[in-house]
Amino acid sequence: RKVKTRAIKDSIEPNWNDEFVIELEGSDNLRILVYEDNKGQGTILIGKALLKLSRSWLGGLYNERRIQMNDTLLTFQAKYLAFDETIRRVPTVSSNSLFKSSLSQTSRKEKRAVPFIITSLVQEVERRGITEVGIYRVNGSAIEMSKLKRVYESNPYEAEQLIKECDVHAVAGILKQYLRDLPECIFTLEAYNKLNEAYSIKDEKRRSRTFLHIFSRLPQNPNQTCVVFIIEHLVRVAQMEHQNKMTLHNLATVFGPTMLHPGPFDKKGVVDILSSSTVDVMAQSGVLQYFLSRSARGEAIQIR
């Protein structure tokens, strides 16, 4: 997982004031790199550090850390967020907000099969971010994402202009957040459970037929239309993998838990997240990679 700050100009003591959420599940170390843009030499590395992750970091309060890297002293604060506060969290916003409303509610309200927030973000990523290294994998600035979210809630037309000014990783991050925060995932909860079960089918042809049948039972609008729209976009992103380093597998890993999730309520009640999350993520990524790969081969995922 990677994040990067915005660039600071004309300062010998830069203060980024950026905030990020970094998914570190399964990681042992945190690597920090500091670069400087030099007119004569281009971008040069001026400092690096490798921090060993420790259980002492698993606190809910911010802890300040200072790291000396050659002539550079970096100060930052870090705290721990549980898995369910990131991947499966539910936004604490008003009940009529865009990020709280279901996909069908937003679609009906806007009178369009694919909500404006999805189309505008996808178009902006394709306009200037499709060749960006790590697009959708590199996290955007939390400050810029928070601003984008507020503007999309209050004034979509202003949001359309703002996304042209924000770092493209923040633009990509808002698309992921919107899909992740839907009260019911874009595939619907019923299909999510069935696709999860079908993922364990050993026979490849039978598994493929089952996936397509389950998908065909989704509402045509907005669910099928939105899923196809996003999948076709991700395939176009993967076609530029020689520049952005994002393969179909990488995109499935990022978007699997985003497009296929149980939502804020799990019908099994209280579950042991630590024991179930790994299996869930494997199935979520595997199911999405099937649809991505099929679309990349030019095969339809919508059957009649």
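Start by selecting helix 11: its buried residues are Leu248, Leu251, Ala252, Val254, Phe255, Gly256, Pro257, Thr258 and Met259. Buried here means under 20% relative accessible area, exposed means over 50%, and partly exposed is in between, with a 1.4 Å probe and protein chains only. Helices (H or I, at least four residues) and strands (E, at least two) are DSSP runs, numbered from the N terminus. Nine of the 12 residues of helix 11 (residues 248-259) are buried, so the rest of the structure largely encloses this helix.

A word on what's loaded: this is a predicted model, where local features need pLDDT of at least 70 and side-chain atom pairs count only at pLDDT 80 or more, while totals for chains, interfaces and linings use all residues. Residues are numbered from 1 along each chain as its sequence is written, and side-chain values use heavy atoms, leaving out hydrogens and water.

Now zoom out. The protein has 12 helices and six strands, and 43% of its 304 residues count as buried.

Next, the core. A nonpolar core is a set of buried Ala, Val, Leu, Ile, Met, Phe, Trp, Tyr and Cys residues joined through side-chain atoms within 4.5 Å. The largest one has 66 residues, and those with the most contacts inside it are Ile118, Tyr136, Leu179, Ile186, Phe187 and Phe291. Helix 9 (residues 220-238) gives the largest share of this core, nine residues. A second, separate core has 11 residues, including Met69, Leu74, Phe76 and Ala78.

Select Ile118 and show its surroundings. Counting contact as heavy atoms within 4.5 Å, and skipping residues up to four places away in sequence, Ile118 touches Leu103, Leu175, Tyr178, Leu179, Cys226, Phe229 and Ile230. One of those, Cys226, is buried at 0% relative accessible area. Cys166 is buried too, at 5%.

Then pick Glu124 in helix 3 (residues 116-128). Is this residue buried or exposed? Glu124 counts as buried, at 3% relative accessibility. Leaving aside neighbours within four places in sequence, Glu124 is in contact with Gly129, Ile163, Lys164 and Val171.

Most residues other than glycine have a negative phi, and most peptide bonds are trans.

- Tyr136 has a positive phi of about 80° although it is not a glycine. Tyr136 sits in the loop between helix 3 and strand 6 (138-139) and is buried at 0% relative accessible area.
- Lys111 has phi near 60°, also positive in a non-glycine residue. Find Lys111 in the loop between helix 2 (103-110) and helix 3, exposed at 78% relative accessibility.
- Asn221 and Pro222 are joined by a cis peptide bond, with omega about 10°; Pro222 lies in helix 9.

Last stop: Leu45 in strand 3 (residues 42-52). Leu45 is partly exposed at 44% relative accessible area, and touches Leu33, Val34 and Tyr35, not counting residues up to four places away in sequence. Leu45 and Tyr35 are 10 residues apart in sequence and 4.5 Å apart C-alpha to C-alpha. Together, Leu33, Tyr35 and Leu45 make a nonpolar surface patch of about 300 Å². Patches are made of residues with over 30% relative accessible area and no salt bridge, joining like charges within 9 Å and nonpolar side chains (Val, Leu, Ile, Met, Phe, Trp, Tyr) within 5 Å; a salt bridge is a side-chain nitrogen of Lys or Arg within 4 Å of a carboxyl oxygen of Asp or Glu.

How values were computed
Accessible areas come from the Shrake-Rupley method with a 1.4 Å probe; for residues, only the protein chains shown count as cover.
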